[in-house]
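Have the viewer open as you read.

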Amino acid sequence: MQPLSYARANDVDSAITLVAGDPGSGFLAGGTTKVDLLRLGVEHTDRLVDINDLPLTAVEELADGTIRIGALARMSDVARTPILRHRFPAVSEALLLGASEQLRNMASMGGNLCQRVRCTYFRDGVSPCNKREPETGCSAREGLNRGHAILGVSESCIATHPSDVAVALVAFDALVHTTGLDGERTIPIDDFYLLPGDTPQAEHPLAHGELITAIDLRPSPLAAGSLYLKFRDRQSYEFALVSVCAALAVKDGLVADVCVALGGVGTKPWRARRAEQVLRGAPASDESLARAAAAELSVATPRAGNAFKVAMAERALVRGLRQSMNGQAA
Ligand SMILES: Cc1cc2nc3c(=O)[nH]c(=O)nc-3n(C[C@H](O)[C@H](O)[C@H](O)COP(=O)(O)OP(=O)(O)OC[C@H]3O[C@@H](n4cnc5c(N)ncnc54)[C@H](O)[C@@H]3O)c2cc1C
Ligand code: SF4
């Protein structure tokens, strides 16, 4: 039994002060990650600062067309927001394909971005794990690694980033707004997620007590034709083995623009920039899609248990891009 105290913050400033001023404190939003990790003994927090009373639940359109999603907006509410479904269908689909309806009703967008990895060695609380306890080793490299990453891995850690919606947010270059003791800042989402390198315990650049306040989706001409596909061991309530967010525009038979990202295969939500580079200006054909997918996966580093993900991710990329292309033609 770990003793744990609880405080409820009424405004952003007091939430930040309560957590930043005390290394043993942490934010509590929906609790669907945080409470599990405390119960498992993976994270140790002396005081939970409940942020659910903060006015950060809105999903609104700004004057320049940006959609601003409050950090405490619930996954289910965001997924059903008409303007988001219409302008960024892949973001809505990624949310609806995550977790379960009950969890989505509890889980916040800020909490989703900060969720921890699902690696069983990390979560068992005892196995050597560089992410949970630096410099103890990585049990997954030679152990059970079927669900682990093949892109962005390091000697220190091969855990997959588990979020679905982060994959779609990475595809559309979302911005993460934060407030901390040093003031406000805006972090491009691709920079929000760090590769494990030699320091897998650091997953994002937030300082202790820095609060995510909102996520911005800026207008994207591609996004209305976007889609999110998720491939997993069962049809619901399961994390992705591979997922893809794709959006592609064709002009005069050539790929005019494209954005694509992969989930389930990267140590961070994986923007498929190599594939995008191959596709821009190429003929809008199956051959180009296959070349792009092969280029993206050419840098994969599979292990014994997850080698199947290389071919699976290639097929997912081709299928996602083809469906987006065909949807546009229809
Ligand atoms: C059984 C199960 C299945 C799941 N399946 C999926 C899935 O398929 N796809 C998927 O994407 N996710 C899945 N999830 C993860 C789920 O989406 C996350 O647990 C949830 O989004 C976390 O949000 P929360 O509000 O509950 O966060 P909390 O648990 O309250 O917090 C999580 C972390 O984020 C920090 N935090 C929360 N809000 C902020 C903020 N505003 N600023 C800074 N830090 C903050 C907390 O301090 C904590 O460290 C699943 C979870 C479970 C339990
Ligand atoms: S893959 Fe990462 S999280 Fe899993 S055991 Fe290795 S270091 Fe820990």
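## Ground rules

This is a predicted model, where local features need pLDDT of at least 70 and side-chain atom pairs count only at pLDDT 80 or more, while totals for chains, interfaces and linings use all residues. Residues are numbered from 1 along each chain as its sequence is written, chains are lettered from A and ligands numbered from 1 in the order in which they are written, and side-chain values use heavy atoms, with hydrogens and water left out.

## Around ligand 1

Ligand 1 has 32 residues around it, and Phe27, Thr32, Thr33, Ser108 and Asp164 come nearest (a residue is near if one of its heavy atoms lies within 4 Å). By class, this shell splits into 15 nonpolar, 11 polar and six charged residues; Ala, Val, Leu, Ile, Met, Phe, Trp, Tyr, Cys and Pro count as nonpolar, Asp, Glu, Lys and Arg as charged, and the others, Gly among them, as polar.

Helices (H or I, at least four residues) and strands (E, at least two) are DSSP runs, numbered from the N terminus.

Now for the polar contacts (pairs of N or O atoms within 3.5 Å). Thr33 puts a polar side-chain atom 2.6 Å from an oxygen atom of ligand 1, and the side chain of Lys230 has an N or O atom 3.0 Å from a ligand 1 oxygen. On its own, ligand 1 has 980 Å² of accessible area, and the protein covers 92% of that (Shrake-Rupley method, 1.4 Å probe).

## Around ligand 2

For ligand 2, there are 14 residues around it, with Cys119, Cys129, Cys138, Ser156 and Cys157 nearest. Its shell holds nine nonpolar, four polar and one charged residues.

## Two positive phi values

Most residues other than glycine have a negative phi. Ala99 has a positive phi, near 55°, and sits in the loop between helix H5 (89-96) and helix H6 (101-106). Tyr237, also with a positive phi, is near 60°; its loop runs between strand S9 (227-231) and strand S10 (242-251).

Buried, exposed or in between? Ala99 is partly exposed at 32% relative accessible area, and Tyr237 is partly exposed at 48% (buried is under 20%, exposed over 50%, partly exposed in between, with a 1.4 Å probe and protein chains only).

Notes
A polar contact is a pair of N or O atoms within 3.5 Å; within protein, one must be able to donate a hydrogen and the other to accept it, and residues adjacent in sequence count only if both atoms are side-chain atoms.
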